[in-house]
Structure formats: structure tokens, C-alpha cells
Amino acid sequence: MASNPPRRLLCLWFQARGTGRHLVETYITYPKDKSADKAVLFLTDIFGIFPNAQLLADEFANNGYLTVIPDLFQGDKISVSDMESGKADLPAWLPNHQTSHVDPIVEKSIKYMRETLGVKKIAAVGYCFGGKYVCRFLKPGQIDVGYSAHPSFVTHEELGAIKGPFSIAAAQIDSIFTTQLRHESEETLIKAGQPWQINLFSGVSHGFAVRGDLSDKTQKWAKEQAFCQAVVWFNQHL
């Protein structure tokens with residue numbers, strides 16, 4: 001990997017409708033030249049700001065993009081160990097992290113990037129859970145170009161309403177972004193009329209682009225290629 005770019009962890013204030021103010025932990029990593037003209041808003045999977053996500057963010061920075069990871073879950077992320085051991089209770093967790101909870105955090109992050117950091121163009125990556133919010137905010141003045149790896153819970157209405165280029169990295173083995181849903185998404189994207197791309201990676205499962213086993217040759221290659229897919233897509237459209 002390239003040498004690490006400057007980075008910092010800070011907290012942003014936001015206020016959801018009808019609620020008090022909240023602090024959102026945010027990881028920010030800069031390109032070597034500390035430029036902020038173009039940036040990546042990194043919308044995470046259910047594991048939030050954890051080492052795998054931070055390493056990916058650093059690599060976006062190494063490729064010239066100021067990268068911002070907001071904590072979409074206000075400290076209530078799922079731990080990898082709980083998920084792997086079967087202790088995670090997703091049916092109980094998900095109701096507390098719906099669009100009414102997450103949208104204000106994404107809105108605040110975009111505002112902070114544009115108004116405080118001076119970002120002119122925003123790309124967004126969404127891994128699993130975060131892919132839904134790339135679609136929701138792929139609109140003029142919000143997100144300019146989007147990418148998602150193995151997206152979760154994106155509705156056809158959200159996908160069909162995008163107003164910018166959108167790229168997807170899909171896993172062959174995925175109980176959420178299934179083969180049927182992938183094909184349906186192709187039809188939806190065609191109707192949306194925006195530039196789009198779907199790359200399908202064989203021999204890997206949901207989550208490979210963040211948590212692929214680097215000791216496994218197939219997973220390592222797919223993870224690296226999915227990252228390159230995002231960077232090339234952003235270079236093309238920003």
C-alpha cells in the first residue's frame with residue numbers, strides 16, 4: 001500500500017427533525033496534497049467506522065480524494081465478532097436505523113463537506129447498508145456520482161430516481177442483492193437514463209469488497225478490483 005495520508009477523527013453536530021442535537025463521529029482522511037476540490041463520502045456497512053473501512057478510506061485518499069466517513073449509527077454499530085458468532089440481532093437493530101435516522105446524518109455530512117471543507121464535487125461509496133443512501137442522495141447539489149458494492153435494501157423507486165452516474169460491484173453469492181434483484185436493477189437503471197455499470201464477481205459473497213479474506217486469492221483479487229472499479233468510475237465522471 002501507499003504511505004498513509006493525513007487523517008483525523010472528529011465529531012460533527014446534527015439535528016434531526018423533532019429531536020435535539022446529536023454528535024456524529026466522523027473519520028476524515030486527506031490526499032497527500034491536502035486538496036479538497038473532489039471528495040468521497042464513504043457510507044458504511046453495518047459495522048460502521050472500523051479498521052477495514054478506514055483502510056479503504058485511506059486508499060481513496062491515496063488516489064487523490066479527500067474521504068469522509070460519518071458514523072451512520074451514532075455509536076450503535078454491529079460488531080464483526082457479534083455477527084460472526086451469531087449474537088447480532090439484526091431484526092431488533094434495523095428499526096432504530098431507518099431513513100429517518102440516517103438521512104439527517106448524510107445531509108449534514110454533505111453540507112459539512114461542501115460548506116466547511118470547500119468540496120466542489122462529491123462522489124459517494126456505499127457498502128452494503130450504505131448503498132441505499134448513495135441512491136437516495138445521488139441528486140444535483142448533493143452527490144455527483146455514486147458507487148455501491150453489494151448494496152442492501154435499495155428500493156426500485158430509490159434506484160430509479162437517481163440523477164447521476166451509478167456503478168455497482170455485485171457478488172455472485174448474495175442473499176440480499178440476489179441474482180433476480182440484480183437483473184431487475186439493470187432494467188431500472190436503463191429506465192433511469194443515467195450512466196450505469198454493474199460488475200459481477202464470481203466466487204465471492206456479500207461483503208467481499210470490505211471484508212474479503214486477503215489470504216484467499218479469489219477474494220483478494222475481487223476486493224482489489226472492486227476498489228479499482230470505484231476509483232476509475234469516479235475519475236471518469238468527476
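1. A word on naming to begin: helices (H or I, at least four residues) and strands (E, at least two) are DSSP runs, numbered from the N terminus. The structure is a predicted model, in which local features need pLDDT of at least 70 and side-chain atom pairs count only at pLDDT 80 or more, while totals for chains, interfaces and linings use all residues. Residues are numbered from 1 along each chain as its sequence is written, and side-chain values use heavy atoms, with hydrogens and water left out.

2. Let us stay with C128 for a moment. Most residues other than glycine have a negative phi. C128 is not a glycine, yet its phi is positive, at about 55°. C128 counts as buried because its relative accessibility is 7%; buried means under 20% relative accessible area, exposed over 50%, and partly exposed in between (1.4 Å probe, protein chains only).

3. F153 is another residue other than glycine with a positive phi, near 65°. You will find F153 in the loop between β6 (145-149) and α6 (156-160). With a relative accessible area of 46%, F153 is partly exposed.

4. Now for the strands. Strand β3 (residues 38-43) has five of its six residues buried, so the rest of the structure largely encloses it. β3 pairs with strand β5 (residues 121-127) in the parallel sense over six bridges; two strands pair if DSSP finds at least two bridges between them. L43 has G126 of β5 as its bridge partner.

5. Strand β4 (residues 66-70) also runs parallel to β3, and three bridges join them. Here L41 has V68 of β4 as its bridge partner, and V40 has T67. β4 is mostly covered, with five of its five residues buried. L66, V68 and P70 point one way from β4, whereas T67 and I69 point the other way.

6. D76 counts as partly exposed, at 33% relative accessibility. D76 and H97 are 21 residues apart in sequence, and their C-alpha atoms are 9.1 Å apart in space.

7. Helix α9 (residues 217-237) is worth a look too. α9 has 21 residues and reaches 30 Å from its first C-alpha to its last, close to the 30 Å expected at 1.5 Å a residue; the expected span is 1.5 Å times one less than the number of residues. At the start of α9, a side-chain oxygen of D216 comes to within 3.0 Å of the backbone nitrogen of T218. The buried residues of α9 include K223, Q229, W233 and F234.

8. Last, a pocket. Which residues lie nearest the centre of the second largest pocket? They are I46, M83, L90, I176 and H206, out of 13 lining residues. A pocket is an open set of points on a 1 Å grid over the protein atoms alone, where a 1.4 Å probe fits, with protein on both sides within 12 Å along at least five of seven lines; lining residues have an atom within 4 Å of a point. The volume of the second largest pocket is about 230 Å³, a volume being the space filled by probe spheres set on the points.

Notes. A polar contact is a pair of N or O atoms within 3.5 Å; within protein, one must be able to donate a hydrogen and the other to accept it, and residues adjacent in sequence count only if both atoms are side-chain atoms.
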